[in-house]
Amino acid sequence: MMAIVTNQTFQESIQTLSNLLDTDPTLVIDVETNGLDSFGVNQLCGIGVGETYYKGLAQYYPFRHHQGENLDPKYLTELITLLNESVDSFVGYNIKFDLHFLEKDGLQISGKKFIDVIVMVRLIEHSDVKELALTPTGSRNYGIEAVQYDIDMKKELMSNKWHKDFSMAPPERLGEYCKNDVMLTARLYTDYLKKIQKTQQTRIFDLECELTSVLYNMEKRGISIDTNMAAKARIALVERMQEVVQEIYALAGTEFNISSPMQIGEMFAEMGIESPIQTPKGKPSWNEAALVNINHRIAGLIRQHRTLEKLNSTYIDPYLETAVMHTSFCNWGTSTGRLSSRDPNLQNIPRNHFKLVAQELSEEDKVNTRNKIAAMVAAKGISITTPLADDVLETWAFIGDESYDKTDKSQLSIRSLFVPRPNHSLISFDYSQMEVRVFMSYFRNEVIDALLSKQNVDFHGEAAKLAFNVDESSTQFKFYRQMAKAITFGTIYGIGNRKLSEQLNTTPQEAGAYKKRYFAGLVGSKEFFDKVVDTVTEKGWIRNRYGRKYQIAPQFAYKGVNYLVQGTSADILSERMLVIADYLQDKQSSMLLQVHDEIICEVHNSELDTIPFKIKELLEVNSLDIPLKVDMEICYPSWATKANFKPTTLDDYIDWDDVPITDKDGIDW
């Protein structure tokens with residue numbers, strides 16, 4: 001049964017829906033809206049509902065269309081009341097988006113189960129599959145004809161200029177589109193539920209369903225933004241950009257559009273500067289890899305201008321009038337299972353600060369800057385083949401480290417814009433060397449267990465001792481520690497000898513020899529790596545400790561270690577977030593952000609003496625019994641400035657300068 005509900009058919013339609021919910025309180029839901037900002041002025045214009053099997057009931061309830069017949073507003077209240085009273089579980093595609101709009105109109109979220117079909121798709125699809133949206137997923141499974149309705153409707157919306165505000169479309173057109181989305185979602189839900197059961201991923205699926213509810217509440221809460229700080233940062237940033245622009249023009253001897261690669265190329269050609277890198281079409285490239293290998297001050301200044309421009313457009317301008325920033329957490333965004341964030345990406349807020357004045361470098365600063373540039377570009381797969389002169393290095397030194405000084409007005413930290421609400425404090429909980437611990441937990445033996453059980457252990461130093469037979473007394477210990485660190489993460493992330501040699505500043509042959517010694521010294525590591533590669537090569541898949549299954553192409557079998565380590569780490573944190581959310585249910589404190597191995601909580605000041613320490617305790621245990629340690633820091637006055645957070649002691653309450661001292665007893669209590 002399919003219907004666009006009208007005022008004349010509403011009572012019959014909702015009675016049909018009510019009867020179905022009496023039999024099965026699980027409902028597929030999809031909303032159409034007049035925009036994407038559920039936390040701002042945008043609203044839903046219609047609600048699509050349906051049964052959880054293909055070609056079952058699908059209805060569309062129109063409420064806020066600009067043309068055609070809308071339902072009486074009282075019917076929205078009646079529909080929402082039915083959903084509140086009769087639905088136990090909601091099924092949707094990227095369901096949190098729909099729920100945020102529905103809650104604005106009265107949907108009660110608490111106590112409901114949320115099943116996100118896109119999460120189910122991620123659990124099943126091959127790791128190579130990146131397009132998880134409804135249309136490409138429907139096309140992969142059922143052919144292009146199954147999603148032709150979407151292709152046709154998108155063209156119609158575009159041609160009528162309805163694509164930015166779906167409420168401009170009439171209900172009879174948009175309603176048909178929404179009902180097809182509901183039916184396709186139901187079809188995928190039914191089929192993928194069978195696949196999840198067949199692949200024995202029920203445990204991780206249940207965890208992800210619970211996590212969806214937790215993430216929903218974190219998104220809804222959002223994080224407070226210091227808009228005054230944003231305004232001041234913009235002024236300082238723009239002033240610095242203007243200074244950089246003027247110096248670029250002076251060096252070039254002409255003005256040009258610094259944002260235009262074509263005009264940059266023309267300027268460089270006039271200066272006799274050639275790009276060391278070509279585009280796939282054989283033309284000169286002026287990307288970051290090219291600029292870092294041009295030993296001329298103007299190249300570094302152009303790179304600096306690009307960064308400052310991006311900081312302004314990405315992190316400053318959008319925050320000028322945003323008192324609370326809401327993100328969307330995607331527990332389907334990566335093939336490993338690690339959480340991602342978008343609109344905006346709050347997991348990608350720079351840790352380091354930026355210097356908004358020209359830099360003069362000491363000899364030590366020059367060495368540090370060269371190392372910083374090498375590390376920064378190596379993380380992006382870029383090699384430095386050209387030595388940079390001192391005046392060029394100065395242009396790159398604007399990128400600082402995490403030692404942000406809030407009193408230095410020439411420094412800018414994007415994280416300084418993120419602040420606690422009144423009467424709250426931001427507390428950071430960061431797992432210490434989590435991926436290394438998880439990596440070692442996969443080949444536990446007496447040596448590894450002893451290492452994991454140590455307090456305040458430096459795993460990279462300990463790995464260096466085991467692998468290279470050195471200790472802290474050796475003059476080469478620092479070198480071997482760095483080598484052990486590079487090899488550990490190289491193994492986890494699946495890099496080859498060539499890339500490892502670039503990080504170690506040696507030849508691929510020597511890097512391979514160091515890796516061989518590392519594997520021999522760190523007992524069990526080579527056997528684990530080989531077993532992962534063999535399993536993926538033989539079966540085409542591998543499963544982590546939580547039952548999450550990864551399908552990996554045999555030629556990329558070496559990536560299996562990364563999937564296991566990163567995925568298990570992510571699932572541990574997801575598991576603990578569920579426990580913490582349950583603990584905080586009756587508290588005034590909240591979880592706000594998850595940034596890979598770190599969570600940020602907003603703790604009410606009345607609960608500072610208890611809640612942070614309980615959260616730390618909850619994070620340091622897990623169902624896999626892997627010994628984990630958590631660093632706890634208070635972020636004051638913003639996320640940019642962290643300090644160790646420890647229990648309050650007697651010293652914190654007594655001003656010892658005012659305590660009278662007697663000759664006889666020391667302290668006169």
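This passage describes the confidence of a predicted model and the salt bridges found in it, with attention to Lys 454.

The chain has a mean pLDDT of 92, and 96% of its residues reach 70 or more. Over residues 661-669, however, the pLDDT is below 50, and this stretch has 9 contacts in the model beyond near neighbours in sequence.

A search of the whole structure finds 33 salt bridges. One of them joins the side chains of Arg 64 and Asp 105, with an N to O distance of 2.8 Å. This pair links distant parts of the chain, 41 residues apart, since Arg 64 is in the loop between strand 4 (58-62) and helix 2 (73-86), whereas Asp 105 is in the loop between helix 3 (95-104) and strand 6 (113-116). Arg 64 is partly exposed, with a relative accessible area of 24%, and Asp 105, at 21%, also counts as partly exposed. Another salt bridge is formed by the side chains of Arg 444 and Asp 449 (2.7 Å, N to O), where Arg 444 is partly exposed at 37% relative accessibility and Asp 449 is partly exposed at 29%.

Lys 454 is located in the loop between helix 16 (446-453) and helix 17 (459-468). When its neighbours within four places in sequence are left aside, Lys 454 is in contact with Arg 437 and Glu 462. The side chains of Lys 454 and Glu 462 meet in a salt bridge (3.5 Å, N to O); Lys 454 is partly exposed, at 38% relative accessibility, whereas Glu 462 counts as buried because its relative accessibility of 14% is under 20%.

Methods:
Residues numbered from 1 in each chain as written. Predicted model: local features only at pLDDT ≥ 70, side-chain atom pairs only at ≥ 80, totals over all residues. Heavy atoms only, no water. Helix = DSSP H or I, 4+ residues; strand = E, 2+ residues; numbered from the N terminus. Contact = heavy atoms within 4.5 Å. pLDDT = per-residue confidence, 0-100. Salt bridge = Lys/Arg side-chain N within 4 Å of Asp/Glu carboxyl O. Buried < 20%, exposed > 50% of the residue type's maximum accessible area, 1.4 Å probe, protein only.
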